[in-house]
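Thanks for coming. I will take the pockets of this structure, and the ligand, in turn.

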Amino acid sequence: MSIPRIALVTGASRGIGAACAIRLADAGWDIVVNYARDADAAARVAAQVRERGRRALVVQADVGDEAAVLAMFATIDREWGRIGALVNNAGIVDMKARLDEMTTARWRRMFDVNVIGTMLCAREAVRRMSTRHGGQGGGIVNLASAAAVLGAPGMYVDYAASKGAIDTLTLGLGREVATEGVRVNAVRPGIIDTELHAMSGDPQRAVTGAALVPMQRAGTAMECANAVAWLLSDEASYVTGTVVAVTGGR
Ligand code: NAP
């Protein structure tokens, strides 16, 4: 079985997704760089992939929009064929708030992107990777969060709940496709120094949150990408349905 060396990274225009694109290119993968809004940033990531001698295909799609996800996979099928890896990285938070202050519109968008978007991309990936569907196998890595096990009280329990769903999805899907050549795992980042925190109204979170971490510092996007790359490598060949914490001990 020869897994196609084509990796789709969702939300790859910045932060952890961009680091995954670059780290996986270094590991010999051609990269589909997905983004939602920032085409220039996605193009810069694609340029860094090409500098590493790998191919890059930039595809815009809001992962919370089923038609857009289907169109993205159709583009990849047409341009490059079946993927061998999916990094389900695209995710959002919202402004810091208590649950009793939140709207259902906020929850629906949060779950559309973080949960349904992840499941949609996983479904389309399994349809292409699984030996049950004539595929050559592959790997899926979902970006979960320490929030799933900490609960994020007073910050964003809706986000924490959405990431709890990712932990469970990883366990269940990993077991479901375990005999079909597809491994499914998650990386659970702690406080990572990216622009995500600006979305919650706390752009300095990587600095202010460091005291909460046993290692007394935020992590880097590349420290998450290293775990993603390992999970997608043959070195992790007996690893599925599990979550790797990249949290500095938190
Ligand atoms: P980030 O810096 O905000 O980057 C998010 C990326 O996702 C951007 O490339 C953005 O692209 C893209 N994106 C956002 N909404 C999208 C959508 N609907 N469809 C497709 N792409 C979309 O975030 P990050 O910190 O790298 O986080 C990456 C993942 O790690 C997320 O799932 C997050 O929940 C998780 N995580 C992060 C931390 C942390 O401390 N940073 C901790 C735990 C878990 P555009 O700007 O082009 O829309």
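Predicted model: local features only at pLDDT ≥ 70, side-chain atom pairs only at ≥ 80, totals over all residues.

Residues are numbered from 1 along each chain as its sequence is written, and side-chain values use heavy atoms, with hydrogens and water left out.

The largest pocket holds about 880 Å³ of space. A pocket here is an open set of points on a 1 Å grid over the protein atoms alone, where a 1.4 Å probe fits, with protein on both sides within 12 Å along at least five of seven lines; lining residues have an atom within 4 Å of a point. The volume is the space filled by probe spheres set on the points, which are joined across faces, edges and corners.

Its lining has 43 residues, with Gly91, Ile92, Tyr159, Leu196 and Met199 nearest the centre.

Now, where does the ligand sit? In the largest pocket, meaning that more than half of its atoms lie within 2 Å of the pocket's grid points. Around the ligand are 34 residues, and Ser13, Arg14, Asn89, Tyr159 and Thr194 come nearest; a residue counts if one of its heavy atoms lies within 4 Å.

A side-chain N or O atom of arginine 37 is 2.8 Å from an oxygen atom of the ligand. For asparagine 89, a backbone N or O atom lies 2.8 Å from a ligand oxygen. Glycine 11 has a polar backbone atom 3.2 Å from an oxygen atom of the ligand.

Conventions
Polar contact = N/O pair within 3.5 Å; in protein donor to acceptor, adjacent residues only side chain to side chain.
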